[in-house]
Amino acid sequence: MPTTPARRRLSPAEREAQITAAAIDVARAEGLAGVTLRGVAASIGVAPSLVAHYRPNMEDLVGETFRTVASTEVAEVRGIVGGANDGGVHDGGPVGRLRTLLACIADPARDDVATLWADAWSIGRSNAALAAAARDVMDEWQLLATSVVSEGVRDGVLRTDDPDAVGRLLFALVDATNGYALVDYLDRPTREGLVRSTIARAVGLDASALDPS
């Protein structure tokens, strides 16, 4: 009878990478609460003890998993927003970049990461590694928003005395409306319109200036 070939034994580096990737897959499918020894082990078909051998501190793994997913999203959006200066698909200039930033944040394709942010705010109360990751990535978002607004102020197309405050306002609104979405409070157009119109007014634009083109 034919025999099933034995699985190749993974090197420590390969096993680390496998566990890291599995944790991300579990988080995207089940949320950060699903990133447990049993959950990660089951996703790759190994014993929980093997995962524990490589990642003995699950709080750290949860924090690193969130940091990887959330930072990757910021990098992707930063690249898209930067491309708004090339005269291509997006409108050029600071107003176009700000409009593009808001459109990226509101993209339904990013809803899974928005849900992970809700997990981070909640679970981070008792997980210091996750709380630190959330703070660090929020700083990345804040820097991106502030840079766009500051550019607009320099060019004379946006008006505010405090670009940092506008960035903080933006993500306070985004986080609040993402919370609304979790319980279906207000419909999506209303939630997104609230963010766009509030930020438009905060930088001296007409309330509809940041609506999608």
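Q: Where is V148 in this predicted model?
A: V148 lies in helix 7, residues 128-155.

Q: Why is V148 called buried?
A: The relative accessible area of V148 is 0%. Buried means under 20%, so V148 counts as buried.

Q: What is V148 in contact with, leaving aside its neighbours within four places in sequence?
A: V148 has contacts with V81, P94, R97, L98 and L158. Contact here means heavy atoms within 4.5 Å.

Q: What separates the C-alpha atoms of V148 and T198?
A: These two C-alpha atoms are 16 Å apart, and the residues are 50 apart along the chain.

Q: What is the span of helix 9 set against?
A: Helix 9 (residues 188-202) has 15 residues and reaches 21 Å from first C-alpha to last. At 1.5 Å a residue, 21 Å is expected, and the span is close to that.

Q: Which residues of helix 9 are buried, and what covers them?
A: R191, V195, R196, S197, I199 and A200 are buried. Their cover includes helix 5 (93-106) and helix 8 (163-182). Just after helix 9, G204 takes a positive phi of about 75°.

Q: How do the axes of helix 1 and helix 2 cross?
A: The axes of helix 1 (residues 12-30) and helix 2 (residues 37-44) come within 9 Å and cross at roughly 105°. Angles of 65 to 115 degrees count as roughly perpendicular, so helix 1 is roughly perpendicular to helix 2.

Q: What makes up the contact of helix 1 with helix 2?
A: Q18, I19, A22, A23 and V26 in helix 1 meet G39, V40, S43 and I44 in helix 2. Six of the contact residues are nonpolar, three are polar and none is charged.

Methods. Residues are numbered from 1 along each chain as its sequence is written. This is a predicted model: local features need pLDDT of at least 70, side-chain atom pairs count only at pLDDT 80 or more; totals for chains, interfaces and linings use all residues. Side-chain values use heavy atoms; hydrogens and water are left out. Axes are lines fitted to C-alpha atoms, for helices over the stretch in contact, and angles run from 0 to 180 degrees between N-to-C directions. Helices (H or I, at least four residues) and strands (E, at least two) are DSSP runs, numbered from the N terminus. Angles under 35 degrees count as roughly parallel, over 145 as roughly antiparallel, 65 to 115 as roughly perpendicular and the rest as oblique. Ala, Val, Leu, Ile, Met, Phe, Trp, Tyr, Cys and Pro count as nonpolar, Asp, Glu, Lys and Arg as charged, and the others, Gly among them, as polar. The expected span of a helix is 1.5 Å times one less than its number of residues. Buried means under 20% relative accessible area, exposed over 50%, partly exposed in between (1.4 Å probe, protein chains only).
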